[in-house]
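Please keep the sequence and the three-dimensional view at hand while reading.

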Amino acid sequence: MFLFFNKTMKSNKQLSKTNVLKSEGYIILDHISNGSYGEVCHAKYIQEEKELNLVVKIIDTKQTSKEYVSKFLPRELDVIRQINHPYIIYTHSILQKKAVLFVFMAFAERGDVLQYIIDHGPLTENQARIWFRQLTLAVQYLHTMEIVHRDIKCENILITEHYTVKLTDFGFSKFVKSSKKLNCNTYCCSLGYASPEILTTRPYDGKISDIWSLGVVLYVMLNKKMPFNRKNIKLMYKQQVKRDWEHQPSIEKIISENVKICIDSILQPEPRKRWTLDKILNSDWIQMNQKLVKMTEQESFALIEALNQDKTIHQKHLKKIKANKSDTQQILGKRSPRFFSITQQLESIFSSNRETNESKYMLKRSERIVHTDNLLNKNNDII
C-alpha cells in the first residue's frame, strides 16, 4: 500500500524492537512490505476493551540516508501532524524509541487503487468519477494548506472498506510559500506520473505539477495502462509535449466526451494552460452526477478549516530527529479521525480485464526518483 520495497531491511530484527510499545497499547502484527526508508506492518491499538486496526511505518533513522533524516522525514512528519481530511489517510500517532520512529496510520481494508485496477480491470466511468472527485478534493485541501504532495499515483490512493479513497504517503510532501510560484526545485516523483516541467529539471510549481499527476491517475483508472512510455525519458517527454497519447480503443468507444475533455485539459503540457482544481471540480464531467455537485458537510468543513488555518505555524518545522533518549517519545499524541467514511452504495465493478499488447505502457508499481540532473540529457533509460 505504501512505497517501501527495499528488500535489504532485516524484518525480524526490526520487529523485535517493537515489543517495547506493548505498554503503550500497540501490538505489531504481520509484515506488509519493506522499503528504502522503513518497514510497514499491520498493527492494533488496544485501549480498555476497544481495538483499532492500524498500519505502522517503522523507520530506523540509523539505517536511512542523512538527507532523508535531515530533510524529507522532518517535512513528512510536519505535514501529517497537521492534516485531517475525509479523503486523506489519518495519522493516529507517532512514537519514537531511540533512533526508531513508529508512525501509526489508519488501515485501508481494500488495498490501493493500482492493485484494484489490476485485479478488477478498468473502472467504470461512474466509479472513476466518484473516486477522482474525492482525490481532487483531498488535493484541493492540501493546496489550500499550502502543501504540495509531489507523489500522487495510484499506489498512494487507498480504498476503505466502504469504497472511499484516501490519499497517503507524504514522503515527498512539503509546505510551500503561496507568494512563490516556482516553489519546488527538488525533482522527486514517480516517473510515470511526472509532469513535463519536472522532467526538464527546472524550478516548477508543485501545485500545478500535482494536477498533472491527477490527470495520469484518471487516465489509468479508465484505461488500465499508463499514457506515456516510461522506458525512455526523452521519448516520454516528447509524447507529453506533443500530446501523443490515446485511449484504449475499447475504452474510447464507451467513455463520454466530457471525461475525454477533462483528461485532455489536465494533461496539458503548458502549466499555465492546465486546468485548475476548481475547473476540474466544476467541470461538465463531474456534474454528470448531480449528487457530486455540492460538497457534503464533512467536505465543506475540512476546506473551511484549511482556509482558516494560521499559515504562520507551518514555519516551525521539525529541525532534527533526536535519537539519544531511551524512553518512548510522543511526536504526535493519540488522536481519533475527525472524519468518518460514509457508506456509499457504489456501483458494482465487474469490468472485464482488458489486456494490451503495448508492454511499454503496462501497469506496474512505480519507482520514485529523486534527481537533480537534467533527465532529458541522459543517454540511458531509467526504467
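The protein chain contains 11 helices and 12 strands, and the model examined here is a predicted one. Of its 383 residues, 56% are buried. Among contacts between residues at least 6 apart in sequence, 74% join residues at least 24 apart.

**The nonpolar core**

- In soluble globular proteins, nonpolar side chains tend to be buried together.
- The largest nonpolar core of this model has 105 residues.
- Within this core, the residues with the most contacts are Phe-104, Val-113, Trp-131 and Leu-218.
- The core lies between domain 1 (17-107) and domain 2 (111-299), because both domains give residues to it.

**Helix H4 against helix H11**

- Two packed helices are described by the angle between their axes and the distance between the axes.
- Helix H4 covers residues 125-144 and helix H11 covers residues 297-307; their axes are 8 Å apart, and the packing angle is about 20°.
- H4 is therefore roughly parallel to H11, since angles under 35 degrees count as roughly parallel.
- The crossing in which H4 passes H11 is left-handed.
- On the H4 side, the residues that meet H11 are Arg-133, Leu-137, Gln-140, Tyr-141 and Thr-144.
- On the H11 side, their partners are Glu-299, Ala-302, Leu-303, Ala-306 and Leu-307.

**Helix H4 against helix H6**

- H4 also packs with H6, at an angle of about 165° and with the axes 10 Å apart.
- These two helices are therefore roughly antiparallel to each other, since angles over 145 degrees count as roughly antiparallel.
- From H4, the contact is made by Glu-125, Ala-128, Trp-131, Phe-132, Leu-135, Thr-136, Val-139 and His-143.
- From H6, the contact is made by Lys-207, Asp-210, Leu-214, Val-217, Leu-218, Met-221 and Leu-222.
- H4 passes H6 in a crossing that is right-handed.
- Two residues of this contact, Trp-131 of H4 and Leu-218 of H6, are also among those with the most contacts inside the largest nonpolar core.

**Helix H6 against helix H9**

- The axes of H6 and helix H9 (residues 257-266) cross at roughly 145° and come within 8 Å.
- H6 passes H9 in a left-handed crossing.
- H6 contributes Ile-211, Trp-212, Gly-215, Leu-218, Tyr-219 and Leu-222 to this meeting, and H9 contributes Val-259, Cys-262, Ile-263 and Ile-266.

**Buried residues within helices**

- Ala-138 belongs to helix H4 and counts as buried because its relative accessibility is 0%, where buried means under 20%.
- Apart from neighbours within four places in sequence, Ala-138 is in contact with His-85, Tyr-87 and Ile-88.
- Ala-138 and Leu-303 are 165 residues apart along the chain, yet their C-alpha atoms are separated by 9.2 Å.
- Gln-239 has its place in helix H7 and, with a relative accessibility of 5%, counts as buried.
- Beyond neighbours within four places in sequence, Gln-239 is in contact with Phe-228, Asn-229, Asp-244 and Tyr-361.
- Leu-114 is found in helix H3 (residues 113-120), and its relative accessibility of 1% counts as buried.

**Loop residues with a positive phi**

- Most residues other than glycine have a negative phi.
- Asp-169 is not a glycine, but its phi is positive, at about 65°.
- Asp-169 lies in the loop that runs between strand E8 (165-167) and strand E9 (174-175), and its relative accessibility of 4% counts as buried.
- Lys-224 likewise is not a glycine and has a positive phi, of about 55°.
- The loop that holds Lys-224 is between helix H6 (206-223) and helix H7 (233-241).
- Lys-224 is buried, with a relative accessible area of 11%.
- The C-alpha atoms of Lys-224 and Leu-114 are separated by 8.7 Å, although the two residues are 110 residues apart along the chain.

Definitions and conventions
Residues numbered from 1 in each chain as written. Predicted model: local features only at pLDDT ≥ 70, side-chain atom pairs only at ≥ 80, totals over all residues. Heavy atoms only, no water. Core = buried A, V, L, I, M, F, W, Y, C linked by side-chain atoms within 4.5 Å. Buried < 20%, exposed > 50% of the residue type's maximum accessible area, 1.4 Å probe, protein only. Domains from an automatic or database assignment. Axes fitted to C-alpha atoms, helices over the stretch in contact; angles between N-to-C directions. Helix = DSSP H or I, 4+ residues; strand = E, 2+ residues; numbered from the N terminus. Parallel < 35°, antiparallel > 145°, perpendicular 65-115°, else oblique. Left-handed = near helix turned anticlockwise from the far one by under 90°. Contact = heavy atoms within 4.5 Å.
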